[in-house]
Amino acid sequence: MRDKEKKNIRSLLIVWIVLVLFVGALAGAGIFLWFHRGAGTAAAGETALESAASAENNYNTVCDVEFHIKEEECTEDEIRETEKILEKRAERLGISLVAEPGQGGTIHAKAQGKDLEEEVLKGLARGGKVEFVLYENLTGEDGAARPSEGEDVQYGENDVVLDHADISEVSVDSAQADKKTEWSVRIVFTEEGTQKFAILTERHIDEPLAIVIDGKLFSTPVIRAKIEGGECIINGNVSESEAKLLTVALSMKPLPLALTAEVGAIRQK
């Protein structure tokens with residue numbers, strides 16, 4: 001009887017030892033995985049920091065920009081939203097911009113980047129509102145018919161056939177012509193916008209369509225056929241910087257506040 005009890009005790013001890021070893025192995029693996037995961041997270045964090053530091057090291061110019069708010073009255077929320085959009089626009093253009101409320105109805109910003117350009121910094125203030133209107137429904141600011149490109153124009157809300165809400169994607173396009181690079185902006189419409197554009201182009205063949213950006217007549221392409229592909233090209237005498245600015249402005253929601261930009265001296269870091 002005693003021998004049998006001893007055997008049972010030995011069996012229990014063996015089982016207990018195996019369990020202890022098994023649990024220890026699991027714990028060890030868990031600790032290893034935890035440290036491994038932590039090391040991976042730290043490495044990823046270091047990589048992101050290194051990338052940011054590398055980008056900042058390439059910045060060779062700095063500048064102060066004063067954005068003047070045109071509205072006489074605005075809310076703090078509108079100012080904050082405007083600041084965020086300005087910073088995001090700048091980021092898309094490879095510029096680091098820190099914006100904060102200024103004095104006397106302004107937003108003050110510090111910009112740094114590689115070879116900053118005054119044209120680009122001023123372009124950040126573009127409202128980003130695009131509307132498509134039949135040219136015949138436009139009048140100039142003085143009420144005259146047939147306004148020219150670049151003029152401020154007037155039209156009714158019911159005259160707008162497509163707007164920012166109908167846009168799905170915006171990108172920069174370029175093409176070689178006569179050994180020169182011509183820049184343009186490619187717009188892809190949403191599904192609903194594609195249907196609207198197809199109906200519009202089918203009904204108004206051989207008529208000019210006005211593309212109005214921030215209240216100014218930007219271009220007046222003539223509709224030559226029904227367009228069902230849901231794409232539109234905005235071209236003209238635009239520089240590379242202008243095309244990129246337009247792309248950034250039109251691919252994000254318009255600024256809540258109307259702005260003008262006053263760019264300070266661009267300095268070397």
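Colleague: Which residues have the most contacts inside the largest nonpolar core?

Modeller: First, the general idea: a nonpolar core is a set of buried Ala, Val, Leu, Ile, Met, Phe, Trp, Tyr and Cys residues joined through side-chain atoms within 4.5 Å. Buried means under 20% relative accessible area, exposed means over 50%, and partly exposed is in between (1.4 Å probe, protein chains only). In this case the largest core has 27 residues, and Phe67, Leu86, Leu121 and Leu259 have the most contacts inside it. Please keep in mind that this is a predicted model, in which local features need pLDDT of at least 70 and side-chain atom pairs count only at pLDDT 80 or more, while totals for chains, interfaces and linings use all residues. Residues are numbered from 1 along each chain as its sequence is written, and side-chain values use heavy atoms, with hydrogens and water left out.

Colleague: Which elements each supply at least two residues of this core?

Modeller: Helices (H or I, at least four residues) and strands (E, at least two) are DSSP runs, numbered from the N terminus. The chain has five helices and 14 strands. Those that each give at least two residues to the core are S1, helix H2 (76-92), strand S2 (96-101), S3, H3, H5 and strand S13 (259-263). A second, separate core has 23 residues, including Leu134, Ile167, Leu209 and Leu250.

Colleague: What is leucine 259 in contact with, leaving aside its neighbours within four places in sequence?

Modeller: Contact means heavy atoms within 4.5 Å. With those neighbours set aside, leucine 259 touches Phe67, His68, Ile69, Lys70, Thr82, Leu86 and Ala125. For the whole chain, 72% of the contacts with a separation of 6 or more are between residues 24 or more positions apart.

Colleague: Now the sheet. In what order do the four strands of the open sheet come?

Modeller: Two strands pair if DSSP finds at least two bridges between them. Here the order is S7-S4-S10-S11, with antiparallel pairing. Strand S7 (160-163) and strand S11 (216-219) are at the edges with a single partner strand each, so one side of each has no neighbour in the sheet. Between S4 and strand S10 (residues 209-213) there are five bridges, and leucine 134 has leucine 209 as its bridge partner in S10.

Colleague: Which helix lies across S4, S7 and S10?

Modeller: For angles, axes are lines fitted to C-alpha atoms, for helices over the stretch in contact, and the values run from 0 to 180 degrees between N-to-C directions. Helix H4 (residues 191-203) is the one, and it runs at about 145° to S7.

Colleague: How should I read charged pairs, and how many salt bridges does the count come to?

Modeller: Side chains of opposite charge can pair when their charged atoms come close. A salt bridge is a side-chain nitrogen of Lys or Arg within 4 Å of a carboxyl oxygen of Asp or Glu. By this rule the count is 17. One of them joins arginine 126 and glutamate 242 at 2.8 Å, N to O. Arginine 126 is in the loop between helix H3 (118-123) and strand S4 (130-134), and glutamate 242 is in helix H5 (residues 240-251), so the pair ties together parts 116 residues apart in sequence. Both count as buried: arginine 126 has 19% relative accessibility, and glutamate 242 has 16%.

Colleague: What is aspartate 64 paired with?

Modeller: Aspartate 64 forms a salt bridge with lysine 110, with the closest N and O atoms 3.1 Å apart. Aspartate 64 is partly exposed at 25% relative accessibility. A network of salt bridges links Asp64, Lys110 and Arg267.
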